[in-house]
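This briefing concerns the structure shown below.

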Amino acid sequence: MLKLREHARFYVHAAGVIAPDRRAWLLTGETGCGKSTLTYSLARCGWPVLGDDGVVLERGSEGVTVHGWREPLRVSIELAAWFPELSQRESLVDWQDDRHRVDVNASFARRAKMGGVIVLQRGDRDVLLPLAPTAALAMLVRQSTFLLLTDDHACSHLRLLRDLVESVPCFTLEHTSAQLSSIHDTILAVAG
Amino acid sequence: MTRYRIVPDALSASLSDGAVLLNLYTKRYFSLNDTGSRIWSLLEHQASEEEIVETLVREYDVEKPEAARAVNQLLDDLVAERLIEPTSV
């Protein structure tokens, strides 16, 4: 990650998925906010995955490109109630893992142009609201540990995140388990 | 006349609705609203506390005592966050 940083590519703790218009959407938020679960929900609908826990951002002539950070996509076996195919993978569950996760299949992609940012938050209702640039930047800063390194790249990193939130739509999504089946419609409603 | 210096470890990003400040030493970040962002930009131009208050009174619908209180509070917060420090001029 440090080498990437030297080449003006910056890691951020977020999931990345590619919508049908080929634009990348970042799903970010605190640990446990549902990034992997909603990423899998989208992957089941045919959305290519760039990463479920991290992606790499790079500034280009036509905006920010999101590069994949490929690691196995893992979700809790307890989601079998919503995703029946998971029950066939029960023998592969890592029971030592607190969340009883299992590797799942997904189509991975290498990169895509930035489309938007959604900050996830578990709640007791499903509501998608526009997020002001300052609030979106604060969240991305919080999810960018390597931004805090005291080197010559910190300023470029912060500027890239600043330009990103000013150039694409940003939302906050409070969600319940109902989003497991409707997240693709939720994003499509605001994409583009 | 109190002036402040932005510390070398402070990074800032101005946005359409405010700004985000980052202290690379304390590893803490700080969000500012539109008015706070304007105050930060004045600090970047080495404006004194009194000059900042006068600017806000000119640019915003605010009385001087209220502006002075708000500016003083924000400057105290920024000093506490080690994003700025007083200078002797």
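A nonpolar core is a set of buried Ala, Val, Leu, Ile, Met, Phe, Trp, Tyr and Cys residues joined through side-chain atoms within 4.5 Å; buried means under 20% relative accessible area with a 1.4 Å probe, protein chains only. This is a predicted model, in which local features need pLDDT of at least 70, side-chain atom pairs count only at pLDDT 80 or more, and totals for chains, interfaces and linings use all residues. Residues are numbered from 1 along each chain as its sequence is written, chains are lettered from A in the order in which they are written, and side-chain values use heavy atoms, without hydrogens and water.

**Nonpolar cores**
- The largest core has 37 residues, and Leu26(A), Leu57(A), Val66(A), Met114(A), Leu137(A), Leu164(A) and Val165(A) have the most contacts inside it.
- Helix H4 of chain A (residues 154-167) supplies the largest share of this core, six residues; helices (H or I, at least four residues) and strands (E, at least two) are DSSP runs numbered from the N terminus.
- Leaving aside residues up to four places away in sequence, Leu164(A) touches Leu57(A), Val64(A), Met114(A), Val117(A) and Leu140(A), where contact means heavy atoms within 4.5 Å.
- Another core, of 28 residues, lies apart from it and includes Leu38(A), Tyr40(A), Phe171(A) and Ile187(A).

**Chain B**
- Three helices and five strands make up the secondary structure of chain B, in the sequence order β-β-β-β-α-α-α-β.
- The C-alpha trace of chain B spans about 35 × 35 × 20 Å along its principal axes.
- Of the 89 residues in chain B, 44% are buried.
- In chain B, 52% of the contacts with a separation of 6 or more join residues 24 or more positions apart.

How values were computed:
Buried means under 20% relative accessible area, exposed over 50%, partly exposed in between (1.4 Å probe, protein chains only).
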